[in-house]
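Below are some questions and answers for a reader meeting this structure for the first time. Please look over the sequence and the model before reading on.

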Amino acid sequence: MTVTVRAPAKINLHLGVGPGREDGYHQLATVYQAIGLYDDVTATDAGDWGVTVTVSGEIDGSQVPLDDDNIAIRAGRALAEHHGVDRCAHLAIAKSIPVAGGLAGGSADAAAALVALDRLWDLQTSDADLLALAGRLGSDVPFALLGGTAYGTGRGELVEPVADNGQWWWVVVPEGQGLSTAAVYAEYDRLGLGQTLRAPDGLFEALAEAYPEVLASELHNDLEPASLDLRPELARTKREILECGAYAALLSGSGPTWLGLAGDADHARVVAAALADTHPVVLCAPGPVAGAHVVTYA
Ligand code: C5P
């Protein structure tokens, strides 16, 4: 039997970053949104743990580990251990989410592996246990299970759904070379930017009102100065997105992927076509979309 689970990329509509914590992480006040770019993970029973990765389009998958370091394998082992089952699986990952782009593609793979193996082995893991396992694997993994639009606190692993009446469209502009999340947070510390966190009330109102022009003025990412410091040429992409007519340009998580906010699908396509002159890969994606969900059970 095989089970295929699809999990979405995430973006951060608001990323408020507090000072560093004793455990090396940073306190966050963030608003996640799941967008329509996905990785699929297909789980099949096997004698030992194994992973294969195939990529779509222009995505560079060469940095994705193909051994026990792969976060999907770590997720599978953690789930088996949690239930005390002595079983292994092969995980085939089909990636459409750009790697190391600030879109949480690895977290999507971990969330998809958890759900796929839970179904494959009929483990009936409770939602609370699945979220707790996910939180131990990475700060963004619980959100990849939940999907939609959600407020994230703690180091990002504590998630609760947020009212979102919009059908938003994003123009996604990945960069060829990824950025290390840990390096961006370290640069944030070096610049001394950590500050007291506040809930983004204006953003919550904009999501409920659902006007793109209003949402545009509420998008915010505290990590942007740190990412730009490490990769100054990213400033040009931001300018181009605005010149091509997007309502706002937002860095996705720790970057380097940029997002342009469009008014609707047609507007997104127009902005994307204009950006395609200078960027080899430009994608359009709606949000919010569902979290990790089964697509094939055979
Ligand atoms: O949780 P995850 O493994 O995705 O985090 C990757 C790295 O990003 C961490 O090792 C840490 O350096 C940084 N990070 C952080 N504060 C957070 C989330 C991530 O400093 N809230």
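A salt bridge here is a side-chain nitrogen of Lys or Arg within 4 Å of a carboxyl oxygen of Asp or Glu. The model is predicted.

Q: In the salt bridge of Asp45 and Arg87, how far apart are N and O?
A: Asp45 lies in strand S2, while Arg87 sits in the loop between helix H1 and strand S4, so the pair ties together parts 42 residues apart in sequence. Asp45 is partly exposed at 39% relative accessibility, and Arg87 is partly exposed at 37%. Their side chains meet with an N to O distance of 3.3 Å.

Q: Is Asp118 buried or exposed?
A: Asp118 forms a salt bridge with Arg119, at 2.4 Å from N to O. Arg119 is partly exposed, at 35% relative accessibility. Buried means under 20%, and Asp118 has 4%, so Asp118 counts as buried.

Q: Which helix holds both Glu240 and Arg236?
A: The closest N and O atoms of this salt bridge are 3.9 Å apart. Glu240 is buried at 15% relative accessible area, whereas Arg236 is exposed at 52%. The two residues are 4 apart, about one turn, in helix H9.

Notes. Residues numbered from 1 in each chain as written. Predicted model: local features only at pLDDT ≥ 70, side-chain atom pairs only at ≥ 80, totals over all residues. Heavy atoms only, no water. Buried < 20%, exposed > 50% of the residue type's maximum accessible area, 1.4 Å probe, protein only.
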